[in-house]
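Here is a walk through one structure, taking in its surface and its pockets. Please keep the sequence and the model side by side while reading.

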Amino acid sequence: MNNKMLWCVVYLLVLVWSVSNPKDMFTWWLEAIPALIALPILFFSRKSFPLTTLAYVLILVHCCVLFVGARYTYAEVPLFDWLAQVMGSDRNNYDKLGHFAQGFVPVILAREIFIRKQVIQIGAWCQFLSVCFVLAFSAFYELVEWWVAIATGENAEAFLGTQGYVWDTQSDMFLALIGGICGVFLLSSLHNKQIAAKMLIKQSSV
């Protein structure tokens, strides 16, 4: 089984598990739709712009995070309920993991597109602009949550997942920012090697 086939198998297994018995189907769609959109985008771009292995793995992990949150809602993931009890907290913080991933994963996608499309060279400015992108993306996602809440009223309460925390929106964006910074510091070296290999393959095939 090649890597792409394994990727699809894991994705589909988690998807089927997530949708098989969700807490609320309306919330499931709201939470899962980014992961559902990712699959056709990756499928149709697999030949024209195949991503690095690192990017594909991170996208799969992020999709799994989304599917778990979609099944239980972000405020009721069992493992994080247990962690809240252990830590003496009243809040389920799975949504914070989700927002950290919202920075950690897209920052790698952003820098890959920036570098491979020759928008900017590898270096400090590339890192800075990639982190800026994920912060802007996170802010836009918060706007989407706001618009959904206005459009659907109380039905979007589980989607928002604020759990009564007045600074929820700001902390979500902050965690995406931290995730983006961690991503560029921890993964840039490996990512650069994989990008170089991709670009070398492309040049040799021209």
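In which helix is the place of Trp147? Trp147 belongs to helix H7, which covers residues 124-152. The model is a predicted one.

The largest pocket holds about 980 Å³ of space. Its lining numbers 41 residues, and the closest to the pocket centre are Pro34, His62, Pro106, Leu109 and Phe137. At least two lining residues come from each of helix H2 (25-44), helix H3 (53-72), helix H5 (94-104), helix H6 (106-116), H7, helix H8 (157-160) and helix H9 (168-205). H2 gives the largest share, 9 residues. Sorted by class, the lining of the largest pocket consists of 29 nonpolar, 6 polar and 6 charged residues.

The second largest pocket has a volume of about 410 Å³. It is lined by 16 residues, of which Asn3, Lys4, Trp7, Cys8 and Tyr56 are the closest to its centre. Helix H1 (3-20), H2 and H3 each contribute at least two residues to this lining, and the largest share, 5 residues, is that of H1. In the lining of the second largest pocket, 11 residues are nonpolar, 2 polar and 3 charged.

Technical notes
Residues are numbered from 1 along each chain as its sequence is written. This is a predicted model: local features need pLDDT of at least 70, side-chain atom pairs count only at pLDDT 80 or more; totals for chains, interfaces and linings use all residues. Side-chain values use heavy atoms; hydrogens and water are left out. Helices (H or I, at least four residues) and strands (E, at least two) are DSSP runs, numbered from the N terminus. On a 1 Å grid over the protein atoms alone, a cavity is a set of points where a 1.4 Å probe fits but cannot get out, and a pocket is an open set with protein on both sides within 12 Å along at least five of seven lines; lining residues have an atom within 4 Å of a point. Grid points are joined across faces, edges and corners, and a volume is the space filled by probe spheres set on the points. Ala, Val, Leu, Ile, Met, Phe, Trp, Tyr, Cys and Pro count as nonpolar, Asp, Glu, Lys and Arg as charged, and the others, Gly among them, as polar.
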